Amino acid sequence: MVKINEYIESGVLEAYVLGSASEAETRELLYLKAKHPQVSEALRALETDLEHIAQKMAITPPPGTWTKIEANINEIIKARESDALTIDMPYRDQPRESSRSRKSSQFVEVEAESGHMRIRKIWRWIFAGVFLLGKIFLACAIYFYIENRHNEKEIEILKTELRNSRGK
Amino acid sequence: MLKTDRQVLTQSGPVDVRSLYDKYAGMLLGYVFEIVRDRKLAEECLVHVFCELSAAFGEENSDGPQNWFQLQRFAKGKLQAFTAVAGNGAAAEGIAMHHSNDQHLAALSAEQKRVFHDIYYHGKSVGLLAAELNRTEEFIRKTLKEAFAILRKSGEN
């Protein structure tokens, strides 16, 4: 209990409420908040204090600010909707150029992903090995094919000689 | 029935963008003004934050900020790049810089004011501020706590 009070008094809660607590402090605080209602209560009180401080320092926005925000939100919505339409009907006969120029005024061009691939360097050696083995197998196949034909010819000659010697 | 983008952007979540604006726009403008020290720019930032807010409400599995604490954090995140620039200027000019909100922070000592201001408005970490002021982190946290207590008392009076 004393330790929790010490913790609350340490100023960590204030640092958290103002957004300057470290990750480790935040983790610890959230753990303690879930475990000890005093911490949760103290945090709530600090959030209320912070709201009161902000109220004291408030500046009334000039008239028309909401209209500006609303207009910007509507722009975002229009852009999203036109995007959705382009995705839904990609092959319809539409004035593509005009839509592109309209879009270009609303968007910043960002380079899309290219067909370029990234492969680990080890694959270079694997591909070279496979290529070399392929060549060796091909050479072996040709060698054994020629060897086989040569042997067959020799057997044929021997058979002919044997037949001739029997005939005599 | 599926919601349209328009509905999602302006009305999704228990608290919509408009009601957040009605409740907190003045507070947010005051907060942003303390960071940028330029009324026109602060108003532009306010518009920017609320537009970002509408997008946050539109995101899947996200209700967006619901109260001042969350809204202030959201705004701080969106204005972080700006805060960093303004924060560096403030750090260079030191404690003498903190005068615009003197009437609200008058009850604080110069050091308490500096700690509160740099952490709340410029998002400096306790560690960074401790290094800048050549103090321990514990001292900074204690000073922050004292500042909060004083501001709470002055608010009650």
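Visitor: Where is N134(B) found?

Guide: N134(B) is in the loop between α8 (126-133) and α9 (137-156) of chain B; helices here are DSSP runs of H or I with at least four residues, strands are runs of E with at least two, and both are numbered from the N terminus. This is a predicted model, in which local features need pLDDT of at least 70 and side-chain atom pairs count only at pLDDT 80 or more, while totals for chains, interfaces and linings use all residues. Residues are numbered from 1 along each chain as its sequence is written, and chains are lettered from A and ligands numbered from 1 in the order in which they are written.

Visitor: What is the phi of N134(B), and is the residue buried or exposed?

Guide: Most residues other than glycine have a negative phi. N134(B), a residue other than glycine, has a positive phi near 60°. N134(B) is exposed, since 7 other C-beta atoms lie within 10 Å; a residue with 20 or more such neighbours within 10 Å is buried, one with 12 or fewer is exposed, and one in between is partly exposed, the C-beta atoms being placed from the backbone.

Visitor: Which residue just after α2(B) takes a positive phi?

Guide: That residue is R37(B), with a phi of about 55°, although R37(B) is not a glycine. R37(B) sits in the loop between α2 and α3 (39-58) of chain B.

Visitor: What does the span of helix α7 of chain A show?

Guide: α7(A) (residues 122-167) has 46 residues and reaches 67 Å from its first C-alpha to its last, close to the expected 68 Å. The number of buried residues in α7(A) is zero, so this helix lies largely in the open.

Visitor: How do the two chains read as a whole?

Guide: Chain A has seven helices and zero strands, and chain B has nine helices and zero strands. Of the 168 residues in chain A, 12% are buried; of the 157 residues in chain B, 39% are buried. Two residues are in contact if their C-beta atoms, placed from the backbone, lie within 7 Å. Among contacts between residues at least 6 apart in sequence, those joining residues at least 24 apart make up 52% in chain A and 61% in chain B.

Visitor: How many residues of chain A are in contact with chain B, and which elements contribute?

Guide: In chain A, 35 residues are in contact with 41 residues of chain B. Two or more residues on that side of chain A come from each of α2 (12-17), α4 and α5 (65-88). By class, the side of chain A that touches chain B holds 17 nonpolar, ten polar and eight charged residues; Ala, Val, Leu, Ile, Met, Phe, Trp, Tyr, Cys and Pro count as nonpolar, Asp, Glu, Lys and Arg as charged, and the others, Gly among them, as polar.

Visitor: How is the packing of α4(A) with α4(B) described?

Guide: Two packed helices are described by the angle between their axes and the distance between the axes. The axes of α4(A) (residues 37-56) and α4(B) (residues 68-78) come within 9 Å and cross at roughly 70°. Axes are lines fitted to C-alpha atoms, for helices over the stretch in contact, and angles run from 0 to 180 degrees between N-to-C directions. The two helices are therefore roughly perpendicular: angles under 35 degrees count as roughly parallel, over 145 as roughly antiparallel, 65 to 115 as roughly perpendicular and the rest as oblique.

Visitor: Which residues meet there?

Guide: From α4(A), E47(A), L50(A), E51(A) and A54(A) meet W68(B), F69(B) and Q72(B) of α4(B). This contact has four nonpolar, one polar and two charged residues.

Methods:
Expected span 1.5 Å × (residues − 1).
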